[in-house]
Amino acid sequence: MSALTKAKGFKKSKAGTYLSIGTTAFGAVGVIKQAKQARFDHDTLRLVDAVVSAAAIATGIALLLRELKRIGDDDVLLG
């Protein structure tokens, strides 16, 4: 099994999905800081960018949670 095949398998695993959720959520920290700074500076364009980024993060996490549920449904031990 090549390293690329192992990496693809990890990406579709529960551990890989949890890692993806964590890194995506960690990205939210930067977006929150950006939004706070934009509000402080009264920078509407930066604030809109932060809101759009937050929506992308929320969508990404929702997709990852759906994938995690699908992985759980495929697991024989989980029923």
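User: Which share of the contacts with a separation of 6 or more comes from residues 24 or more positions apart?
Analyst: In this predicted model, residues 24 or more positions apart supply 60% of the contacts in the protein with a separation of 6 or more.

User: And how many helices and strands are there?
Analyst: The protein has 3 helices and 0 strands. Along the sequence, the pattern reads α-α-α.

User: What about H2, how far does that helix reach?
Analyst: Helix H2 covers residues 14-41, which is 28 residues. From its first C-alpha to its last it spans 41 Å, close to the 40 Å expected at 1.5 Å a residue.

User: Which residues of H2 are buried?
Analyst: The buried residues in H2 are Gly16, Thr17, Ile21, Val31, Gln34, Ala35 and Ala38. Across the protein, buried residues make up 16% of the 79 residues.

User: What follows H2?
Analyst: His42 follows H2, and the phi of His42 is positive, near 55°.

User: Changing topic: what is the accessible surface of the protein?
Analyst: The accessible surface comes to about 6,100 Å², and carbon and sulfur atoms account for 68% of that.

User: Last one, on confidence. Which elements have the lowest and the highest mean pLDDT?
Analyst: Helix H1 (residues 3-11) has the lowest mean pLDDT, 56, while H2 has the highest, 93. The protein averages a pLDDT of 85, with 78% of the residues scoring at least 70. Where pLDDT is low, predicted coordinates should not be read in detail.

Key
Residues are numbered from 1 along each chain as its sequence is written. This is a predicted model: local features need pLDDT of at least 70, side-chain atom pairs count only at pLDDT 80 or more; totals for chains, interfaces and linings use all residues. Side-chain values use heavy atoms; hydrogens and water are left out. Helices (H or I, at least four residues) and strands (E, at least two) are DSSP runs, numbered from the N terminus. Buried means under 20% relative accessible area, exposed over 50%, partly exposed in between (1.4 Å probe, protein chains only). Contact means heavy atoms within 4.5 Å. Accessible areas come from the Shrake-Rupley method with a 1.4 Å probe; for residues, only the protein chains shown count as cover. The expected span of a helix is 1.5 Å times one less than its number of residues. pLDDT is the predictor's confidence in each residue, from 0 to 100.
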